[in-house]
Amino acid sequence: MRSGDAGQVESPAFVSLLKRLRELREAHGLTQEAFAEQCGFSYKYYQAVEAGRKRELRFSTLERFANAYGIEIWQLLAPPFPRTRLNPSKRTKVQFPDAPPQVSATKGKRQRSKR
């Protein structure tokens, strides 16, 4: 540990990112070495990232991580969407952030009000 690192508090966003990277890697059944290779990084570099020893990551690094999983960068950084027990009404559709947008078959056509 470098002398300047003592007492440094990690931000909640950084901790969340590290947790998300580990969870994604494990969910895909990848070792750190296999994922690093898939991203084009050295194993030692990725190991240091996931362990939290690389605190300042470039945007391009996050982009490579996200691309390796086929997701967007915001999905690496976004907090998990809270699950609720409230049932949505029949007229309201709940769109979860990780779900693809719903496309209506009547898009572009004017619909008449049934009043």
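**Exercise 1. Find which residues have the most contacts inside the largest nonpolar core, and which elements supply it.**

Solution. Start with the term: a nonpolar core is a set of buried Ala, Val, Leu, Ile, Met, Phe, Trp, Tyr and Cys residues joined through side-chain atoms within 4.5 Å. The largest one has 15 residues. Those with the most contacts inside it are Leu-21, Phe-35, Tyr-46, Phe-65 and Leu-76. Next, the elements: helices H1 (12-27), H2, H3 (43-50), H4 (59-69) and H5 (73-77) each give two or more residues to this core. Helices here are DSSP runs (H or I, at least four residues), numbered from the N terminus. H4 provides the largest share, four residues.

This is a predicted model: local features need pLDDT of at least 70, side-chain atom pairs count only at pLDDT 80 or more, and totals for chains, interfaces and linings use all residues. Residues are numbered from 1 along each chain as its sequence is written, and side-chain values use heavy atoms, without hydrogens and water.

**Exercise 2. Decide whether Gln-32 is buried or exposed, then list its contacts.**

Solution. Locate Gln-32: helix H2 (residues 32-39). Apply the cut-offs: buried is under 20% relative accessible area, exposed over 50%, partly exposed in between (1.4 Å probe, protein chains only). Gln-32 has 18% relative accessibility, so Gln-32 counts as buried. Now the contacts (heavy atoms within 4.5 Å). Leave aside neighbours within four places in sequence; Gln-32 then touches Arg-25, Tyr-43, Tyr-46, Gln-47 and Glu-50.
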